[in-house]
Amino acid sequence: MISAKLVMTLLVAISGYTGYAIPGDPPRITPVPHDEVAQRVCGGPCQVFGFTLPDGEIIIDDALAIGSDPVATSILVHELTHFLQMKSIAHLRQVTCRIWNDREREAFEVQTRWLRDTSVNVHVFSVEMARLRLAGMHPMCMDQSGVAPQQSWTKG
């Protein structure tokens, strides 16, 4: 169970980094087994640990020690950034690959900044970043048509 207090603390930090307003209703965060995250996002095995659905729900790998492991918590920070990105837009428009990539880039920047700001020292931060890089590839939208794939527009 991910505490509401932790989620609010993370949303406040993300809002401070980005300027995004925090909506009145917090996101629904659903921890699910890794295989279910991978199936829903990739259609099969892959190295995805969280995903923000178009309705704002966040599904996240239930094996992550969110709240006690900074690297795991940073994955939630990444997804909460997507939640705030989505809530900051008054009218949903078609998400192009450029918009999708910009959102991913921002979410990774926020995730990295949060890890840096919460690490006790540079050495710990370096170790955490190395662990994060080993967690898998971070695909970007590469569709030649310029339109982001429907299911992957908030993948993170």
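A quick definition before the close-ups: an axis here is a line fitted to C-alpha atoms, for helices over the stretch in contact. Keep in mind that this is a predicted model.

**View 1. Helices H1 and H3 pack against each other.** Two packed helices are described by the angle between their axes and the distance between the axes. For H1 (residues 4-18) and H3 (residues 70-87), that angle is about 65°, and the axes sit 10 Å apart. The H1 and H3 crossing is right-handed.

**View 2. Zooming in on the residues where H1 meets H3.** On the H1 side you'll find Val7, Leu10, Leu11, Ile14 and Ser15. Facing them from H3 are Thr73, Leu76, Val77, Leu80, Thr81, Phe83 and Leu84. Sort the residues of this contact by type and you get nine nonpolar, three polar and no charged.

**View 3. Helix H3 from end to end.** H3 runs for 18 residues, and its first and last C-alpha atoms are 25 Å apart, close to the 26 Å expected at 1.5 Å a residue. Most of H3 is covered up, with 16 of its 18 residues buried.

**View 4. A look at Met86 in helix H3.** Is Met86 buried or exposed? Met86 has a relative accessible area of 13%, and buried means under 20%, so Met86 counts as buried. Asp55 is 31 residues away from Met86 along the chain, yet the C-alpha atoms of the two are separated by 8.8 Å.

Terms used. Residues numbered from 1 in each chain as written. Predicted model: local features only at pLDDT ≥ 70, side-chain atom pairs only at ≥ 80, totals over all residues. Heavy atoms only, no water. Axes fitted to C-alpha atoms, helices over the stretch in contact; angles between N-to-C directions. Helix = DSSP H or I, 4+ residues; strand = E, 2+ residues; numbered from the N terminus. Left-handed = near helix turned anticlockwise from the far one by under 90°. Contact = heavy atoms within 4.5 Å. Nonpolar A, V, L, I, M, F, W, Y, C, P; charged D, E, K, R; others polar. Expected span 1.5 Å × (residues − 1). Buried < 20%, exposed > 50% of the residue type's maximum accessible area, 1.4 Å probe, protein only.
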